[in-house]
Amino acid sequence: MNEKQKIVSNIINALPQLQCRKCEYQDCESYAHAIVYDNEKVNKCEPGGKETSIQISSIKSSNKNIKANRINNYQIANIKIDECIGCTLCIKACPIDAIIGAKNQCHFIIEDQCNGCELCINECPVDCMELIDNVNNDSWVWPSLESEKSKKLYYQKLERINNINEQRQIQKDNRTKELLIKKYLENAFDREDLKHNKIKEYE
Ligand code: SF4
Ligand code: SF4
Ligand code: SF4
């Protein structure tokens, strides 16, 4: 790992791992990359707040490891179960698979997994999602086992989506090949018919 990669890695550790995109980047890692390689501002992680900006600046200048940081009174998502229509849109939006439910059935939040990133809330077409206080744990601390678990769940989902997309691309390529072969054969039969008809004309 070169010096810049080490700084990226330390900045990633200084970020909350919510993968909430409030920094306008795809995830915490993309934001850390932009800070180091594109000189992006250090104050764009809204959930991390001022303390996170200060830590990132200090990592950038001295690449020192950081101390733990926290969000107090953090909230998690809730689904009003009698209003959910089971559209599955929130499952697609959740970066860490913290929602379960089948199509047309009521969905549920896995409360000890939800990190309150809010990405699902505005996806709901019937407005039956809301943020509520987390009664089991009123602060989000990072780096911690919990933030590491959230990061791991995010990368597992990314990998699964990449695999599905790869499979879809393979199926699409196969269908394109089949169509090309079909077209080639149709043209070959047409050419054969034409030849046959011309021969008949001379007979
Ligand atoms: S937690 Fe901060 S760095 Fe990570 S995606 Fe959200 S805003 Fe960006
Ligand atoms: S359930 Fe909603 S708020 Fe919780 S992690 Fe998933 S998308 Fe974020
Ligand atoms: S987006 Fe709303 S209606 Fe659709 S499954 Fe999720 S909670 Fe239910």
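At what angle do helix α1 and helix α3 pack? The two helices, α1 (residues 3-14) and α3 (residues 49-62), pack at about 165 degrees, with their axes 10 Å apart. This is a predicted model, in which local features need pLDDT of at least 70 and side-chain atom pairs count only at pLDDT 80 or more, while totals for chains, interfaces and linings use all residues. Residues are numbered from 1 along each chain as its sequence is written, and chains are lettered from A and ligands numbered from 1 in the order in which they are written.

**Helix packing**
- Helices are DSSP runs (H or I, at least four residues), numbered from the N terminus; axes are lines fitted to C-alpha atoms over the stretch in contact, and angles run from 0 to 180 degrees between N-to-C directions.
- α1 and α3 are therefore roughly antiparallel (angles over 145 degrees).
- Ile7, Asn10, Ile11 and Ala14 of α1 meet Thr52, Gln55, Ile56, Ile59 and Lys60 of α3 (contact: C-beta atoms, placed from the backbone, within 7 Å).

**Ligand surroundings**
- Ligand 1 has 16 residues around it, the nearest being Leu18, Cys20, Cys23, Cys28 and Cys45 (near: C-beta atom, placed from the backbone, within 6 Å).
- Ligand 2 is surrounded by 15 residues, with Ala77, Cys94, Cys114, Cys117 and Cys120 the closest.

**Domains**
- The protein comprises domain 1 (3-67) and domain 2 (72-141), with bounds from an automatic or database domain assignment.
- The domain centres, taken over C-alpha atoms, are separated by 26 Å.
- Five residues of domain 1 contact seven residues of domain 2.

Conventions
Parallel < 35°, antiparallel > 145°, perpendicular 65-115°, else oblique. Contact = placed C-beta atoms within 7 Å.
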